[in-house]
Amino acid sequence: MPRPCEALLVVDFTQSYPGALATMVLADSGAEVIKVEPPGGDPTRQHYASVMWNRGKKSVVLDLKTGNGRADAQRLASRADVVVESFRPGVADRLGVGYRDLRPSNQELVYCSITGFGSKGPLTGVKAYEGIVHAKGGRMDVFRGLVDKDGPVYSAQPLASYGAAMLAVQAIMAALVVRERSGRGQRVETSLLQALTCYDLSSFLGWQLFERGGDPMRRGYAGGGIPPYMTARTKDGHWLQLGSLTVDTQRNLLDTVGLGDALRDPRFAGMPKYDDPEHESLLQRMVLEKILGKTRDEWMDLFIKNDVGAEPFRTTQQGLHHDQALHNGDVIDLIDRTVGKTRQLGPIARYAETPTGPSGPAPLKGEHTDAVLRQVNGKRRKAHGRNGRLPKHPLSGVTVLEFASFIAAPFATCLLADLGARVIKVEPITGDLYRTLAFPRMAKTLQGKEALCLDLKDPTAREVVQRLVKKTDILLHNFRAGVPERLGIDYETVRKINPKILYVYAGAYGSSGPHHKRVGFHPLAGAITGGPRYQVGQSVIPPLDQPMTLDEVQHVSNILRRSNEVNPDPAAALACATATMVALYHREVTGQGQYLETSMLAGNLYANADDALSYDGKPERPWADDDFNGLHALYRLYPCREGWIFLACPSDGEWQALARALDRAGLASDPRFASKDARAANDAGLASVLGKTFAEATAGAWEEKLTGQDVACVEVFEGDNGKFLWENPWTREAGILVETEHPSLDRYWRQGPPFNFSETPGAAGPNIFLGEHTRQIMREVGYDDAAIDELERAGVVVTQDPAAVGVQ
């Protein structure tokens, strides 16, 4: 069977983690990826995960600082379908491989740029280190108060890089869909800052509402309600992450731990939401005390039997051995030529008709230079579409039917809506439960969609869906096993109506295997895959055999709960949208529909792709220091006379630049710091020297002084990502924020599409009311107003006129 991107040629100029991960996905999908490296090799080769990131690619060494190197690179790009680069804005142009240099000889080229802060605004020249973007973009404020520290807390998981990689693939695939229809290429761009916006589900709106007289936003993220999303220590010293957000699943939890009587206690009557923090904390202690009575394995046997959401807290290395991940093929074994047998990430999704996965191990540096340059004048497959007409948006004309609730799967379709797809969200009569848990006036997972409200238990409602399926390109759901069959939207039923449909299952664990019937919420995916465990470092969790009082258990429980904040949902959504876009491109080329599935488990393993592999001799993932400042003296937070900075100078050259910029005589030549090994051996001493230096001036002064000399150092923003966007007007000018309008909020700002297109901009639709588009959509498939009114009286549909509702 063909692979989805089999005919594509991708030239990869990136020298960064997000670029490497993006082109890994393309290579896994069948594209021929030519990795262009400088004579000294891509710096990311120094990372232990590069043997996975570079798998299935070809390596070509070219010196872009020479005329011959630039000429060879331009010849490569002249026959490429896609070019991907991660230079700072302007660098690619100076090296002769910018879009303006390459487009004249290849009008069909899709050219993708991955930057730190985008190509517009005051931060374009700042180096795109993960920690730099987190610090400036508000990510390090998410964990403020996680531990006893008066200041920002280092955010460990590289979510901006992962998100940028996924957004880059989505944008590339969307631009290729446009090219298939029009015969025209274009430039696409995303950034680590735009990726960070994907993880903010509510704070940006909260800051707007605060300005309108609403309640102020709290600092830091609480990590979800305590009883639904708490962590608990077991009798044998392990920690379990609980995930019981609904009434039914929380009832199962309390019954299983022997607290069924609490269901009748008026103090807990509002579960899973609690109005009184004292009552919430009391129930937490009651559950913690119960769980201390059995071992991890004893509780997991009971929880699985009784449909209680729970998973042991794991590292990413432990997550690679989860039995569901092994069943799904989310992790695979691959022999690498330099490190031997490895266990690493499998393909990002499973496709029924187009197999994906690594075609081979990572190449040696320059292994394919001669062969590739000899073939550089070969012919390239031309796009099908030759009419030259560009659509309004990349996915104009694509219709998506969404049957999903909560966050992960609905946010995946939001990303498709941002690309211009028409997304019809099919909700039950009571609405998506997330509507009641998010802001009362809107939820980010609703934006840009159309709302169709049906009771799918009724045959007439199912007939409405079947009529829609005939005109649908993508159907996506996140129901547990057996539900689609009962509702008449299972794959076999749907594909008989529309054989060309792309049918996407975006579940928690998968459609088969040992855990496929289990409930899944975001903390469980996080607990399995290791991101929260990485965030808390090495000093928070006591040894297994260390006795703890209930007060101590509750204290650590709260830290672990907060470390497992909302990011696993957006992380899963980003992977799902990426996999869907790969399948959509393949269908655009071949006309072939198919079944595909992603999972929260797979998406969150990918979100830890900096550590989601193992082999003999693999270095340990670097832990943050016990003060949660960072990884080492040259990659960490420092307090200043006023405010905090984050410094990122890990290389020898950057260290020398920092020493010159600080104008400290003898610092660079000090034998304790003269080499990378010496600095590592004397890390505490170097941190002390730098700490005293940075205390002499304000954070703002240090940012101005050091960035002016090309040293990566920024003042840490005091607030979360939503506040950062709201308080920096340049984000509007750069399109990171866009204005829209809906009766629920009148005119308001929302995060814009997290990708930019030079020819076919994304779409930024507004909020939706429950049933807002029911009447319009049913008219399109043949129902008149009288029939719709009758169905509404019967309780089969809900309609709502936004104009009649007005601003709430």
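Two strands are said to pair if DSSP finds at least two bridges between them, and the helices (H or I, at least four residues) and strands (E, at least two) named in this report are DSSP runs, numbered from the N terminus. The model is predicted, so that local features need pLDDT of at least 70 and side-chain atom pairs count only at pLDDT 80 or more, whereas totals for chains, interfaces and linings use all residues. Residues are numbered from 1 along each chain as its sequence is written, and side-chain values use heavy atoms, with hydrogens and water left out.

**Strand S17 and its partners**

Strand S16 (residues 474-477) pairs with S17 in the parallel sense over four bridges, and Ile 474 stands opposite Leu 502 in S17. S17 is also joined by six bridges to strand S18 (residues 594-599), the two running parallel, and here Leu 502 stands opposite Gln 594 in S18. Buried means under 20% relative accessible area, exposed means over 50%, and partly exposed lies in between (1.4 Å probe, protein chains only). Six of the six residues of strand S17 (residues 502-507) are buried, so the strand is largely enclosed by the rest of the structure. In a regular strand the side chains alternate between the two faces of the sheet. In S17, Leu 502, Val 504 and Ala 506 point one way, while Tyr 503, Tyr 505 and Gly 507 point the other way, and all are buried.

An open sheet is formed by four strands in the order S20-S21-S22-S23, with antiparallel pairing. Its edge strands, each of which pairs on one side only, are strand S20 (630-632) and strand S23 (712-715). Neighbouring strands of this sheet are turned by 35 degrees against each other on average, direction ignored, where axes are lines fitted to C-alpha atoms, for helices over the stretch in contact, and angles run from 0 to 180 degrees between N-to-C directions. Within the sheet, five bridges join strand S21 (residues 635-639) to strand S22 (residues 644-648), which run antiparallel, and the bridge partner of Tyr 638 in S22 is Ile 645. H30 packs on the sheet, touching S22 and S23, and its direction makes about 155 degrees with that of S23.

Ala 699 lies in helix H30 and counts as buried because its relative accessibility is 0%. With contact meaning heavy atoms within 4.5 Å, and not counting residues up to four places away in sequence, Ala 699 touches Cys 640, Glu 642, Gly 643, Trp 644, Ile 645 and Glu 715. Ala 699 and Cys 640 are 59 residues apart in sequence, yet 5.6 Å apart in space, C-alpha to C-alpha.

**Salt bridges**

A salt bridge is a side-chain nitrogen of Lys or Arg within 4 Å of a carboxyl oxygen of Asp or Glu, and by this rule the count comes to 46 salt bridges. The table gives three of them.

| Pair | N to O distance |
|---|---|
| Arg 435 and Glu 427 | 2.8 Å |
| Glu 696 and Arg 664 | 2.7 Å |
| Arg 747 and Glu 739 | 3.5 Å |

Both Arg 435 and Glu 427 are buried. Glu 696, by contrast, is partly exposed, with a relative accessible area of 47%, and Arg 664 is partly exposed at 32%. Elsewhere, Glu 402, Lys 425, Asp 432 and Lys 449 are linked in a network of salt bridges.
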